[in-house]
Amino acid sequence: MVQINRSEAQAVNPSDYLSEERISDIEAMMAEFDSGVSGISNTIEAEFPGVFDEAFKNALAARIFAGE
């Protein structure tokens, strides 16, 4: 089993490993994912108000979006 000492953990700088173009591509893909999941989550809430908690609703929305 691995243990991580959080006091020694350091943030990763993406530009150390990726080009600015690739970073921009990933940011755009993540924005599209967030927007798609949010839209589906809102639809789930509209169709089934108060039935699902936020975490479940977002997980379901992400799974639906990934299947599109």
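Is Phe-33 buried, partly exposed or exposed? At 31% relative accessibility, Phe-33 counts as partly exposed. Here, buried means under 20% relative accessible area, exposed means over 50%, and partly exposed lies in between (1.4 Å probe, protein chains only). The model is predicted: local features need pLDDT of at least 70, side-chain atom pairs count only at pLDDT 80 or more, and totals for chains, interfaces and linings use all residues. Residues are numbered from 1 along each chain as its sequence is written, and side-chain values use heavy atoms, with hydrogens and water left out.

Aromatic pairs were examined next. The structure holds three of them. Rings of Phe, Tyr and Trp (its six-membered ring) pair if their centres lie within 6.5 Å; planes under 30 degrees apart count as stacked, over 60 as edge-to-face and the rest as tilted. Phe-33 and Phe-65 are edge-to-face, because their ring centres are 5.6 Å apart and their planes stand at 80 degrees. Phe-33 lies in helix H1 and Phe-65 in helix H2 (residues 54–67), so this pair ties together parts that are 32 residues apart in sequence. Helices (H or I, at least four residues) are DSSP runs, numbered from the N terminus. Phe-48 and Phe-52 form an edge-to-face pair, with 6.0 Å centre to centre and 70 degrees between the planes. Phe-48 is partly exposed, at 45% relative accessibility. Phe-52 is also partly exposed, with a relative accessible area of 28%. One aromatic cluster is formed by Phe-48, Phe-52 and Phe-56.

Together with Val-12, Tyr-17, Leu-18, Ile-26, Met-29 and Met-30, Phe-33 makes a nonpolar surface patch of about 680 Å². Patches are made of residues with over 30% relative accessible area and no salt bridge; like charges are joined within 9 Å, and nonpolar side chains (Val, Leu, Ile, Met, Phe, Trp, Tyr) within 5 Å. Accessible areas come from the Shrake-Rupley method with a 1.4 Å probe; for residues, only the protein chains shown count as cover. Met-30 lies in helix H1 (residues 20–47). Its relative accessibility is 44%, so Met-30 counts as partly exposed.

Charged side chains form two salt bridges. A salt bridge is a side-chain nitrogen of Lys or Arg within 4 Å of a carboxyl oxygen of Asp or Glu. Lys-57 bridges to Glu-45, the closest N and O atoms being 2.9 Å apart. This pair links distant parts of the chain: Lys-57 sits in helix H2 and Glu-45 in helix H1, 12 residues apart. Lys-57 is buried, at 6% relative accessibility. Glu-45 is partly exposed, at 28%. Lys-57 also meets Glu-54 in a salt bridge (3.4 Å, N to O). Glu-54 and Lys-57 both lie in helix H2, three residues apart, about one turn of the helix. Glu-54 is partly exposed, with a relative accessible area of 48%. Through shared partners, the salt bridges join Glu-45, Glu-54 and Lys-57 into one network.

Lys-57 is in contact with Ser-41 as well. Ser-41 lies in helix H1. At 4% relative accessibility, Ser-41 counts as buried. Neighbours within four places in sequence aside, Ser-41 is in contact with Lys-57, Asn-58 and Ala-61. Contact means heavy atoms within 4.5 Å.

Key. Helices (H or I, at least four residues) and strands (E, at least two) are DSSP runs, numbered from the N terminus.
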